[in-house]
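This briefing concerns the pockets of the protein shown below and the residues that line them.

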Amino acid sequence: MTTMTRRGLLGAGFGAGAALVLAACGRGSSGAAGTLRVGALGKVSALQQDPHANLGNQSDFLIASLVYDPLTVPGANPTVQPRLATAWSADAAQRRWVFTLADGAKFHDGTPVTAADVVWSLRRLRQVGGASKMPVARPEDIAADGPNRIVVTAAEPNTQIPLLVRLMTFTVKQGTTDFTEAVGSGPFRLESYRQGNARLVRNDAWHGPRPKLDAIEVTMFDSVDALSNAVLGGQIDLASNVGAIAGRTAAARGDLQVVRRPNDTAVAIAMRCADGPFADPRVRTALRLAADRDALVAQAFSGYGTVADDILGTGDPQYAKDIPQRRRDLDQARALLAQARFDTGATYQLVTKEEAPGEAESARLFATQARDIGVRLDVVVQDAGTFYDKTWLHAPLYTVNWGTNDSVLFYADKLMTSASERNETAFADPEFDAATAAALAAANPADYARACRTVQQIQHDRGGYLVWGMADGIDIASTRVRDLPTLGGFGRVQLERVWLS
């Protein structure tokens, strides 16, 4: 996901050293007033410059989001805003979507962006990333409609296409397969890239409003601690998604500001539904009832977050707040395990990674809580590369994290329908599939709300996720940094309007 998208994917000394090098570079070139020094999390083992692949490193995703133009981006109200596409409309059946491209859009080498470039990029995205990244049945369902329009034809009625293509549909030049030069059409162009660290300079020919910064220097840090120390020590101007502990420290400093973005990241446990020890829905419910959600939020997020109710998409206006919040009930959990004849004599692996702030810590805390119902969990921490190669989509029990939590249907369609190739919990439920399809096809608000409610009730009752909490996004910045994004999830990467005082 998120999703979205994924995620995700050295030592701490490398990150800090790189920050010092880039800091010196920034002061010596275009000057501190015009160069924003940003730190973001990432691992060398997960470096990826292909914008259509899974960008597991937050640093790589940040770079791609500034160098390349997607069709649309997250917004506050409405939640979908134009980027390379300036307008869109659907036919009466809500299947054929026409996107109009921005006038004067050019790649960084000066050549114009054409409908053919966009079609080629979206077809490649469909081939590389599957339907969860480009929601059409076949690459051929994406076509040009004149020099500045493209058509996306969904297999079924789908009112959410503009939202489902946010921040994934990065456009490259037709035929591009080598992305080391990163020739995009976004607000910044790549000047240099080395081991996840990049210098981006303003694209004065960008079709959108002129960016206010001369340059952005992105430094990759392999741990939250290294990232926190860099911003607290003044080596970078902005630490993206740095976590609550550093936020509390920075809040007491007069030279730093803390941006707190609610409903930013879902940290959850994925329980495999198709087979294995957690296939019985009674066992999954028991694990949910074992979770002390208040304690998890207090300890894993240091209180910078909110309790969640096993439903992804908490920032959606359609989020079903009327579904009673699930609370800890050890007696009921034990009874459900007994009914399911769950083997409490065995030990089960809970695989996690240090990707989102508090993710690995939450796994350890939950393992302690699960002992109270007789479930023994062995927490295994993997590096992100190994996790996404070997664990994700396959293991019986593992942690996940997703941003951009403003759409229930985004997650339902991309992560939980039986046809999704990113179905993290191997959840296959005909009633859920039908409700998701009905919500996507709904022609009026009442039908849409009704179907969304059904989607959430099923996810809450028998889905494969234990969504115990929502982390606030915590960014720390120098007080000189102005107009920082405040949207949750992937809205944090929209730095083109930021400026330095």
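**Pockets of the predicted model**

The largest pocket has a volume of about 630 Å³. This is a predicted model, in which local features need pLDDT of at least 70 and side-chain atom pairs count only at pLDDT 80 or more, while totals for chains, interfaces and linings use all residues. Residues are numbered from 1 along each chain as its sequence is written, and side-chain values use heavy atoms, without hydrogens and water.

**Largest pocket**
- The lining comprises 36 residues, with V224, V242, I245, P357 and G358 the closest to the centre.
- A pocket is an open set of points on a 1 Å grid over the protein atoms alone where a 1.4 Å probe fits, with protein on both sides within 12 Å along at least five of seven lines; lining residues have an atom within 4 Å of a point.
- Elements giving two or more residues to this lining include α5 (224-232), α6 (244-251) and β12 (256-271), and α5 provides the largest share, 5 residues.
- By class, this lining has 15 nonpolar, 11 polar and 10 charged residues.
- This pocket lies between domain 1 (31-67 + 186-237 + 480-500) and domain 3 (264-472), because both give residues to its lining.

**Second largest pocket**
- The volume of the second largest pocket is about 480 Å³, a volume being the space filled by probe spheres set on the grid points, which are joined across faces, edges and corners.
- Among its 21 lining residues, A131, D413, T417, A419 and L440 lie nearest the centre.
- Helix α13 (residues 430-441) gives the largest share of this lining, 4 residues; helices (H or I, at least four residues) and strands (E, at least two) are DSSP runs, numbered from the N terminus.
- This lining divides into 10 nonpolar, 6 polar and 5 charged residues, where Ala, Val, Leu, Ile, Met, Phe, Trp, Tyr, Cys and Pro count as nonpolar, Asp, Glu, Lys and Arg as charged, and the others, Gly among them, as polar.
- Domain 2 (69-175) and domain 3 (264-472) both contribute to the lining, so the second largest pocket lies between them; domain bounds come from an automatic or database domain assignment.
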